[in-house]
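I opened the notebook to write down what I looked up in this structure. The entries follow in the order I made them.

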Amino acid sequence: MRILVAEDERFLADLVAEGLRKRAMAVDVAYDGDGALERLAVNEYDVLVLDRDLPGVHGDEICRELAQRGAAVRILMLTASGAVHERVDGLNLGADDYLAKPFAFDELVARVGALARRNVAPLPPVLVHGCLTLDTARREAFRDGRRLALSRKEYAVLEVLMQARGTVVSTEDLLERAWDENTDPFTTVVKVTMSKLRAKLGEPAVIVTVPGSGYRL
């Protein structure tokens, strides 16, 4: 899943982003309202973690704009106030969920995951394709019962391929779903990650390169 964190407290924004990345999520960060709107205009996100009191364009205005244009992104609004009327106002503006600061990071992760699942068909607890098995709850991968020591990106790429069920996934789709906006679209990061993943999957090869199109299982 792809997440945008819009938070002006840089330490908190970077801390939240890094924590979400450790859970194999692709995360972009904006430190003000203008930056958030710019990213929302060019990227598709599953969830927006939105500080209500952003400088520049206020979080309320961002909520209203997204609601008016029927954007699919789910919004988790953050605020320093946990008063009931504040939560009600935020939800009425178009937020899908509301979390008061300070918050427990595990709760934020759980809420982000719950919101993201509303936008897509839920992953089954176990994905199976031929000799490959993915435990999506534990984020573990196996080949013929042997556990594979995959990095977060290798796991994310394999998950995207297994969700595709044998259809071709382009390099652009992999960049969109497994990496963030800081990744150069002309980089070889997908090719390098794919090479490492293939080595860990072993022989016979299970990932096929489709020239000019992408990759498939």
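Which residue in S2 is the bridge partner of Val 5? I looked it up in the model, which is predicted, and found Val 29.

Next I counted the bridges around that pair. Strand S1, residues 2-6, is joined to S2 by 5 bridges, and the two strands run parallel. I noted the general rule as well: strands of a sheet pair through backbone hydrogen bonds, either parallel or antiparallel.

Then I traced the whole sheet. I found an open sheet of 5 strands with parallel pairing, in the order S2-S1-S3-S4-S5. The edges are strand S2 (26-30) and strand S5 (97-100); each has a single partner strand, so one side of each has no neighbour in the sheet. On average, neighbouring strands are turned by 20° against each other, direction ignored.

I looked at two helices on the sheet. Helix H1 (residues 10-21) packs on it and touches S1 and S2, with its direction at about 170° to that of S2. Helix H3 (residues 59-68) also packs on the sheet, touching strand S3 (47-51) and strand S4 (74-79); its direction makes about 150° with that of S3.

I checked the rings. I found 0 aromatic pairs, but the charged end of Arg 10 sits over the ring of Tyr 31, 3.9 Å from its centre.

Last, I turned to the domains. The chain is divided into domain 1 (2-117) and domain 2 (126-216). I noted 14 residues from domain 1 and 9 residues from domain 2 in the contact. The two domains bury about 880 Å² between them, with 38% of it on carbon and sulfur atoms. Arg 2, Ala 24 and Ala 26 supply 47% of the area that domain 1 buries against domain 2.

Notes. Residues numbered from 1 in each chain as written. Predicted model: local features only at pLDDT ≥ 70, side-chain atom pairs only at ≥ 80, totals over all residues. Heavy atoms only, no water. Phe/Tyr/Trp six-rings, centres within 6.5 Å; stacked < 30°, edge-to-face > 60°. Lys NZ or Arg CZ within 6 Å of the ring centre and 35° of its normal. Pairing = 2+ DSSP bridges. Helix = DSSP H or I, 4+ residues; strand = E, 2+ residues; numbered from the N terminus. Axes fitted to C-alpha atoms, helices over the stretch in contact; angles between N-to-C directions. Contact = heavy atoms within 4.5 Å. Domains from an automatic or database assignment. Buried area = accessible area lost by both parts, 1.4 Å probe.
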